[in-house]
Amino acid sequence: MTERSRSTTIRFDNQVAVVTGAGRGLGAAYAHLLANRGARVVVHDAGVAKDGSGFDPSVADGVARQIVDAGGSAVACHENLEEAIGCKRVIEFTMDTFGRLDVLIHNAGLVIFAPLEETTPQVWNRMVNLGVHAPFHLLQSAIPHMIRQAYGRVVLTTSGRALRVADNVPGLTGYAVGKMAQLGLMVGIAAETRDAGIRINAISPVAATRILRRHAPELKPELVAPGVIFLASPACDASGVVLSAAGGRFSGDQWSRAAGVDFGPEPIAPEMIAARWYDIVQQG
């Protein structure tokens, strides 16, 4: 990144951004900040309850109205992302309305606590549909438009709950699968589009929303939003980065490979692995 890109004010004038799950919490904070900086925003939200039931179009409509009332540009979209056709329609709606797509932020998600043995096929399918299938189908529809433009920014959503055993809690296996799947999408698409002017990264946010099961006013969604807006901007020239954000603190989060131990070209006994295990896995 050049010194010029660091110092230039980040704006989205003449750009179009889609934010999924933008009717509340983190997604709403992203949508407002994008609009404040000149983007025309598609505020997507199916308006479901915390357990994924119901449908309330007023959730997305309300955020879009707030943006317009504040002098910005926004429209609401209410598609069900659990179905491939719904994902496709979000992108088609964006192109029909604005004629281009510059930014895709996939924030929509669902948290259902269920131990492995109590995870029904219905719960599993919902978690996989939203965590794995939805981002895939959104990207499959969005990336061709970005390639034609020779420009695009994508921000997916992962979670520390999925990245580290120490940060997980019982009952979140389905959730963790979806959040890790998005990292696989990020890496694969980053490799496919590295020469197409497209950058794809992920945010690992912690914020006091209806999903977080404790009162934490210091973890405002607005404190995460600047990191997402940077990743969605022309100022970000990186791909394949996970940005962790919580309470105004930002840090890069990545897998690293230990130096390991070279035992040579001949097979060894598994006991040798056991004896050198710490040397094999220790970092630095």
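**Entry 1, starting point.** I am working from a predicted model, and I number the residues from 1 along the chain as its sequence is written.

I looked up helix 5, which covers residues 121-149, and checked its length: at 1.5 Å a residue its 29 residues should span 42 Å, and the end C-alpha atoms are 40 Å apart, which agrees. I also noted a kink of about 40 degrees in helix 5, centred on Asn129.

I then turned to helix 4 (residues 84-98), which packs on helix 5 at an angle of about 30 degrees, the two axes being 8 Å apart. Angles under 35 degrees count as roughly parallel, so helix 4 is roughly parallel to helix 5. The crossing of helix 4 past helix 5 is right-handed. From helix 4 the contact takes Ala84, Cys87, Lys88, Val90, Ile91 and Met95, and from helix 5 it takes Ala134, His137, Leu138, Ser141, Ala142 and His145. Sorted by class, the residues of this contact between helix 4 and helix 5 are 8 nonpolar, 3 polar and 1 charged.

Next I looked up helix 7 (residues 173-192), whose axis comes within 8 Å of the axis of helix 5 and crosses it at roughly 20 degrees. That angle makes helix 5 roughly parallel to helix 7, and helix 5 passes helix 7 in a right-handed crossing. On the helix 5 side I listed Trp124, Met127, Gly131, Val132, Pro135, Phe136, Leu139 and Ile143, which meet Gly174, Tyr175, Val177, Gly178, Ala181, Gln182, Leu185 and Ile189 of helix 7. The contact of helix 5 with helix 7 divides into 12 nonpolar and 4 polar residues, with no charged ones.

**Entry 5, helix 2 with helix 3.** Last, I asked myself which residues of helix 2 and helix 3 meet. Ala28, Ala31, His32 and Ala35 of helix 2 meet Val63, Gln66 and Ile67 of helix 3, and by class this contact of helix 2 with helix 3 has 5 nonpolar, 2 polar and no charged residues. The axes of helix 2 (residues 25-36) and helix 3 (residues 58-69) come within 10 Å and cross at roughly 25 degrees, and the two helices are therefore roughly parallel to each other. Helix 2 passes helix 3 in a right-handed crossing.

Notes. Predicted model: local features only at pLDDT ≥ 70, side-chain atom pairs only at ≥ 80, totals over all residues. Heavy atoms only, no water. Axes fitted to C-alpha atoms, helices over the stretch in contact; angles between N-to-C directions. Helix = DSSP H or I, 4+ residues; strand = E, 2+ residues; numbered from the N terminus. Parallel < 35°, antiparallel > 145°, perpendicular 65-115°, else oblique. Left-handed = near helix turned anticlockwise from the far one by under 90°. Contact = heavy atoms within 4.5 Å. Nonpolar A, V, L, I, M, F, W, Y, C, P; charged D, E, K, R; others polar. Expected span 1.5 Å × (residues − 1). Bend = angle between axes of the 7 residues up to and from the residue.
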